[in-house]
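Notebook open, structure loaded. I'm jotting down what I looked up, in the order I got to it.

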Amino acid sequence: MKKNEEPRFEQALAALERIVERLEKGELTLEESLTLYEEGIRLSRLCHGKLEEAEGKIEMLLKDGKGEPALDAQGRPKTKPLPPPEDEA
Amino acid sequence: MALIECRRDMQQKGLDFGGSGEPRPARRRALSVSELTERVQGVLETEFLDVWVEGEISNLKRASSGHIYFSLKDDRAQIRAVVWRTDARLLRFRPQDGMHVLARGGLRVYPPRGEYQISVQVLEPLGKGSLAQAFEELKEKLEKEGLFDAARKRPLPALPRRVGVVTSPTGAVIRDILRVLRRRYANLEVLLYPARVQGEGAAAEIVRGIQTLNRLGDLDIMILARGGGSLEDLWAFNEEAVARAIVSSRIPTISAVGHETDFTISDFVADLRAPTPSAAAERVVQAKEELQARISGAEKRLHAALRLGLTRTRARVEAAAAHRVFAAEQGRLHVRAQRVDEAVRRGQRALVRRLERGGESARRLRERLEAFRWDRQLAARRERLAWRTDHVRALFREGLDRRRAGLAGLAGRLEGLSPLAVLGRGYALVWDETSGLLLRDVAETDDGRPLRIRLHRGAVRATVVSREPE
């Protein structure tokens with residue numbers, strides 16, 4: 001994994017699970033165990049953080065007369081929020 | 001022209017609507033809707049009591065009563081058809097949308113709705129309908145190109161952040177998808193590209209939707225969805241243009257079109273086929289709680305594995321430390337630590353003495369300078385000298401602090417190497433008080449000299465009575 005590139009969630013989770021397995025085998029020196037443990041803690045924090053990252057917006061693209069997405073002044077597509085779905089409860 | 005002919009025709013049949021100038025015959029009574037329908041029924045049901053008709057099945061529905069309703073169609077017309085339960089039981093095949101069939105039956109009129117339908121007694125398959133034919137041909141072509149290969153299918157990201165959806169903005173499908181996504185993973189972002197999913201131009205809109213969502217760039221996954229319907233209703237998802245757009249999508253795509261039993265070309269080329277739109281939403285993301293549980297589980301095992309490792313290592317260290325040879329080594333280390341302590345103490349004493357002497361000579365200098373107060377020119381030199389004195393003093397102090405710190409650090413480190421408190425096990429340290437030396441050899445002291453013996457708790461003063469060289 002490149003240093004400057006943050007691992008994606010699934011890579012981080014897989015790496016975390018690999019570390020747990022290596023540690024559980026118990027064939028490591030104390031120093032190696034500690035290094036792996038620290039890396040494991042870092043990865044689990046990263047994973048927990050990623051779970052909370054997105055904002056939960058629900059939007060619909062707006063289209064112009066020709067069916068192309070309508071753009072705002074910055075060239076970003078215009079959207080309108082969709083109401084969140086009513087719960088079944 | 002047509003109207004004139006029509007009127008002439010009616011006049012010949014004795015009908016009259018009060019034309020110009022001609023003598024007005026007795027007005028005929030108009031038919032009620034029921035009467036007209038009854039006549040139509042009479043004509044149709046007699047004329048078409050037993051007909052053979054060939055066409056393609058579409059919009060087939062099986063009622064829970066066992067009757068089968070569908071339309072028979074060709075490229076210009078369609079007619080409603082029904083197979084009643086008693087006849088349906090005798091069918092030797094399972095009629096389905098898109099099938100080309102030969103039907104035998106009679107026309108029946110349904111007066112309450114003014115509709116007619118063919119009541120089918122015999123139904124036989126005639127090979128595939130044209131849509132089904134087109135479906136098979138495209139399927140075969142794309143399959144040959146390798147577009148259905150499992151190797152082409154990309155894995156879906158485990159934790160998408162933004163989901164694109166191409167479907168109708170109204171109706172149950174988008175509601176179902178949003179409800180499932182919300183429930184499983186509330187902070188997922190959703191961007192809907194509203195597209196018609198049925199009828200003229202639907203395929204082009206779906207293609208544009210796929211391309212637009214790809215161009216926007218920040219989506220992790222895309223769902224193409226449509227509710228159930230006939231083969232015609234779902235047809236947009238069997239168009240080659242849609243299939244090609246899915247193939248060139250950079251975003252992994254889930255196709256969820258129709259019900260569980262419906263298959264479309266887009267299902268085959270997409271990275272994943274979901275049986276229904278709700279199922280597609282469920283495949284988009286594992287429930288957040290499941291992911292959290294997975295991470296927390298890994299964390300717990302991580303802690304436990306490390307604790308176990310540490311316990312094992314500690315046990316090994318303790319076993320080794322308990323060994324007699326090692327204990328002796330520890331004792332030697334401790335003795336060295338004591339000697340360092342001693343050296344620190346002596347060094348401190350010497351430095352303090354030198355500092356005091358330095359202070360003393362400075363004081364004497366100052367007194368002598370006081371005596372030369374009459375010489376104003378000496379004032380400046382006196383100040384300089386005073387500054388130097390302070391400086392020397394500061395240097396002494398600084399050096400002293402540094403050495404003290406260094407030695408204390410060293411002593412601390414050595415102390416750290418003897419965690420077993422050797423003295424606690426009954427060892428003792430003995431100094432000759434005259435020389436200040438820590439004794440290791442009887443030759444280092446003499447009869448009658450005072451000793452200091454350091455025990456685990458406190459010290460003892462003693463005198464050498466006699467010595468016994470080895």
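In which sense do β1(A) and strand β7 of chain B pair, and over how many bridges? I find them parallel, with three bridges between β1(A) and β7(B), residues 189-194. Pairing here needs at least two DSSP bridges between two strands. Within this pair, A:M60 sits opposite B:L192 of β7(B).

Housekeeping before I go on. This is a predicted model, so I note that local features need pLDDT of at least 70 and side-chain atom pairs count only at pLDDT 80 or more, while totals for chains, interfaces and linings use all residues. Residues are numbered from 1 along each chain as its sequence is written, and chains are lettered from A and ligands numbered from 1 in the order in which they are written.

**Entry: where A meets B**

I looked up the contacts between the chains: 37 residues of chain A touch 36 residues of chain B. Contact means that the C-beta atoms of two residues, placed from the backbone, lie within 7 Å. On the chain A side, the elements giving two or more residues are α1 (9-25), α2 (30-51) and β1 (58-61). Helices are DSSP runs of H or I with at least four residues, strands are runs of E with at least two, and both are numbered from the N terminus. That side of chain A splits into 19 nonpolar, eight polar and 10 charged residues. For the classes, Ala, Val, Leu, Ile, Met, Phe, Trp, Tyr, Cys and Pro are nonpolar, Asp, Glu, Lys and Arg are charged, and the others, Gly among them, are polar.

I also checked B:L306, which lies in helix α10 (residues 288-322) of chain B. B:L306 is buried, with 20 other C-beta atoms within 10 Å. The cut-offs: buried is 20 or more other C-beta atoms within 10 Å of a residue's own, exposed is 12 or fewer, partly exposed is in between, and the C-beta atoms are placed from the backbone. Leaving out neighbours within four places in sequence, B:L306 contacts A:L23, A:S33 and A:Y37.

**Entry: chain B overall**

I get 12 helices and 13 strands for chain B. Of its 470 residues, 24% are buried. Taking contacts in chain B between residues at least 6 apart in sequence, 64% join residues at least 24 apart.

**Entry: helix α5(B)**

α5(B), residues 172-184, has 13 residues and reaches 18 Å from first C-alpha to last, close to the 18 Å expected at 1.5 Å a residue. The expected span is 1.5 Å times one less than the number of residues. Its buried residues are B:V173, B:I174, B:D176, B:I177, B:L178, B:V180 and B:L181. What covers them includes β1 of chain A, along with β6 (162-167), β7, β8 (221-226) and α9 (277-284) of chain B.

**Entry: α6(B) against α7(B)**

How far apart are the axes of α6 and α7 of chain B? They are 9 Å apart, and the helices (residues 202-216 and 240-247) pack at an angle of about 10°. That makes the two roughly parallel, a label for angles under 35 degrees; over 145 is roughly antiparallel, 65 to 115 roughly perpendicular and the rest oblique. α6(B) brings B:A203, B:I206, B:V207, B:I210 and B:Q211 to the contact, and α7(B) brings B:A241, B:V242, B:A245 and B:I246. I count eight nonpolar, one polar and no charged residues there.

Next I went to B:S249, in the loop between α7 and β9 of chain B. B:S249 counts as buried, with 21 C-beta neighbours inside 10 Å. Residues up to four places away in sequence aside, B:S249 touches B:I210, B:N214 and B:M222.

**Entry: strand β9(B)**

Is β9(B) enclosed or open? Five of the five residues of this strand (253-257) are buried, so it is largely enclosed by the rest of the structure. B:T253, B:S255 and B:V257 point one way, B:I254 and B:A256 the other. β8(B) pairs with β9(B) in the parallel sense over five bridges, and B:I223 has B:I254 as its bridge partner.

**Entry: the sheet β11-β12-β13**

These three strands of chain B form an open, antiparallel sheet in that order. β11 (429-432) and β13 (459-463) are the edges, each pairing on one side only. Five bridges join β12 (450-454) to β13(B), and B:R452 stands opposite B:R461.

Conventions:
Axes fitted to C-alpha atoms, helices over the stretch in contact; angles between N-to-C directions.
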